[in-house]
Amino acid sequence: MKATILSYVSVVTILLGGTQTSPVSAFSPSLTNPILVGKNVQGPISSSTSLFGKNRQARRMQKKAQGKSRPNNFYDAVAGDDKTANGDKPKQEDVVSAASVSDARADSRPAVSTIVIDEATGIERIQQGQYVMDVATRKAVKLSDLGPMYRMAQMFPGVPPDVREKYRMDKYTVEVPEMVERLRQVCLAPVKNEETGEEIMDYPKKPKDEAFDFVLANRDMLGLNMKKTLGRLKLRAQSQLKKEEAIELRKLWKHFIIVDESISAPFRQMLMDAEARVGPNFGNLDLKSFCGKELYERTASYLVLKGMVAHWEKKLRDAEYVENTPETRSNFIEILMVGDPKRYLPDPPIIFRYDEVVRITLMAQNMTAQFVNTPDLFNDLPPEVRFFEAASFIKGGTALRKFMIEEFCPAEGITPEGLREGLRRLDAQLSNMQIDPYGDIKNVVGRLCDAVAVGSDDERDPYVPYLRNLDKNGPGYFQTYTFNHDRQSLVRFLDSAKDVQQGGIGPTGNLLDQLSNEASNLFGLGKKPEEVKEKSVEQEYKVPEVRAAGRPHNLGWLDLLGDEEITGGSSDKFDDEVYESDNWREVIARKQRIGGP
């Protein structure tokens with residue numbers, strides 16, 4: 001059954017989304033995939049979507065069992081060996097870090113992510129769940145039981161024609177104030193005041209169906225840009241000392257985020273499921289055996305593969321730049337900022353060398369090409385997804401738009417306007433995925449949306465005056481300012497460091513010695529006990545002119561809402577006991593219980 005843009009069944013009740021992780025990541029194949037590293041891999045899992053953390057003791061325990069991060073059979077496997085030794089699956093302890101909270105088998109993990117306490121260290125960690133979480137009900141997202149096409153409707157949701165006609169805004173004339181006001185009206189509902197018992201118009205904890213319908217009908221016009229705009233409007237109101245307006249905008253902002261991310265929850269769940277299928281099979285070109293049979297499964301698998309290509313192509317560009325650029329005094333800091341900083345660790349747990357990255361990238365590209373060249377897998381995917389693949393090989397915006405108007409849209413029986421809307425809806429879905437590793441494919445889709453809109457009425461962007469306007473009289477402008485910083489703060493440490501510029505830092509070793517000495521002073525490592533206890537009179541802090549950039553100092557408007565930024569509004573003063581090292585967590589938890597979300 002061929003799916004077309006905006007033809008999917010409307011989902012009346014949309015489940016809200018949280019974060020879910022897979023035990024195996026498709027984006028870190030060398031450390032998680034038995035096909036690539038063989039049965040006796042000793043490295044830890046390196047999932048970009050992993051939630052759990054590690055403390056120092058845990059990392060030391062892991063390092064003892066880690067050994068070499070990339071065994072010799074890694075290269076043979078990437079070159080074409082798609083079978084594990086003796087055909088056996090690796091043991092759980094071989095591919096999962098001994099320090100991980102999620103060492104337990106997948107079937108023993110909780111339904112959704114939860115906070116647990118490490119029995120060995122007493123440190124709280126997040127134990128990854130099996131499913132995306134509904135942030136409103138705190139329950140797992142449930143995919144439809146009505147059949148594959150209903151799940152496809154959850155993946156790319158729309159609304160019936162009558163609902164679309166009721167809520168759809170005119171994208172060629174609408175302005176941001178109207179968009180914000182209409183969004184506010186559909187989100188507000190009668191809510192009982194817990195203090196007075198009276199009903200007031202406010203934002204309910206569980207969004208209304210009307211709010212979902214409105215956002216779905218205008219998904220291509222809202223999404224990430226609306227989130228950014230509401231945030232800027234809230235900060236602008238604060239900077240103008242309009243407290244009530246700032247509180248109102250913050251409520252609307254948070255409510256819209258819940259609605260928008262809840263719509264993307266099934267999409268996220270399907271992509272996480274696809275990661276679990278693709279990850280263990282990285283390097284296996286028999287894609288029909290693991291990419292799924294149903295349309296929603298194959299679409300999710302393709303997006304994971306394409307996202308993997310974008311992710312590793314970015315790593316390849318970084319590795320090529322780092323290895324081919326001679327290090328000089330003028331570009332020293334620039335080279336440090338390119339790529340993953342974990343590569344500077346003594347035993348890097350990542351793949352970053354050019355010869356390794358290029359092999360992973362080529363394999364990801366080969367797997368994606370094999371998927372696309374398999375008609376049973378690719379030919380009935382949604383038009384916007386297939387256009388995304390075709391556009392990857394067209395050079396130049398003019399040629400791209402000509403292909404869209406003269407070839408692709410007539411062949412699919414859709415209009416260019418419909419295709420552009422479908423691409424923007426796909427972009428909105430991807431914007432709610434984790435930045436690492438899905439940020440790269442999201443950026444590619446976003447640039448594609450801009451490219452196909454050039455020269456058309458869809459090129460109009462009502463958010464430009466708010467998000468890309470440096471005019472102090474602009475509707476989204478707010479005055480930033482510099483802060484006072486404690487003498488032991490990282491900012492003061494950076495202020496006191498020598499200027500890193502051409503001819504100014506000397507040999508690299510001198511810079512590292514300087515940073516080491518400054519760091520020692522910053523954390524009090526080089527001081528005697530009596531010196532640490534001494535309190536000197538704090539001198540007036542003068543912000544360096546380069547960092548101040550002409551901004552005023554310590555205006556204070558960011559503190560206008562006080563602790564309401566944490567509690568949602570329960571008191572006017574921020575309790576000093578929050579800063580006590582032993583009880584800050586309990587104080588914040590109590591304030592959150594009192595103040596509500």
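Helices (H or I, at least four residues) and strands (E, at least two) are DSSP runs, numbered from the N terminus.

**Ground rules**

I am working with a predicted model, where local features need pLDDT of at least 70, side-chain atom pairs count only at pLDDT 80 or more, and totals for chains, interfaces and linings use all residues. Residues are numbered from 1 along each chain as its sequence is written, and side-chain values use heavy atoms, with hydrogens and water left out.

**Entry 1**

I looked up Ala549 and found it in the loop between α24 (545–548) and α25 (564–567). Its phi is positive, about 50°, although Ala549 is not a glycine. For accessibility I noted the cut-offs: buried means under 20% relative accessible area, exposed over 50%, and partly exposed in between (1.4 Å probe, protein chains only). Ala549 has a relative accessible area of 61%, so I wrote it down as exposed.

Asn554 also lies in the loop between α24 and α25. It is not a glycine either, yet it has a positive phi of about 55°. With a relative accessible area of 37%, Asn554 is partly exposed.

**Entry 1: a hairpin**

Next I turned to the strands, where two strands pair if DSSP finds at least two bridges between them. How many bridges join β1 to β2? I found four, and β1 (residues 114–117) and β2 (residues 124–127) run antiparallel. Val116 has Arg125 as its bridge partner in β2, and Ile117 has Glu124. The two strands form a hairpin with six residues between them, and Gly122 in the turn has a positive phi of about 75°.

Asn331 is found in the loop between α12 and α13. Is Asn331 buried or exposed? At 10% relative accessibility, Asn331 counts as buried.

I then listed its polar contacts (a pair of N or O atoms within 3.5 Å; within protein, one must be able to donate a hydrogen and the other to accept it, and residues adjacent in sequence count only if both atoms are side-chain atoms). The side chain of Asn331 reaches the backbone oxygen of Pro326 at 2.9 Å. A polar atom of that side chain also lies 2.7 Å from the backbone nitrogen of Thr328. Leaving out residues up to four places away in sequence, Asn331 touches Thr325 and Pro326, where contact means heavy atoms within 4.5 Å.

I noted Glu334 as partly exposed, with a relative accessible area of 45%.

Among the buried ones are Arg386, Phe387 and Phe388. What covers the buried residues of α16? The cover includes α12, α14, α15 (375–378), α17 (397–412), α18 and α19 (435–453).

Helix α18 (residues 416–430) is also largely enclosed, because 13 of its 15 residues are buried.

In α19 I looked up Pro437. The peptide bond from Asp436 to Pro437 is cis, with omega near 20°.

**Entry 2: rings**

Rings of Phe, Tyr and Trp (its six-membered ring) pair if their centres lie within 6.5 Å; planes under 30 degrees apart count as stacked, over 60 as edge-to-face and the rest as tilted. My search of the whole structure gave ten aromatic pairs. One of them is Tyr302 with Phe371, a tilted pair at 5.8 Å centre to centre and 40° between the planes. This pair links distant parts of the chain, 69 residues apart: Tyr302 in helix α12 (residues 295–324) and Phe371 in helix α14 (residues 354–372). Tyr302 and Phe371 are both buried.

Tyr481 and Phe483 have ring centres 5.0 Å apart and planes at 45°, so I logged this pair as tilted too. Tyr481 counts as buried at 5% relative accessibility, whereas Phe483 is partly exposed at 33%. Ring pairs link Phe478, Tyr481, Phe483 and Trp557 into a cluster.
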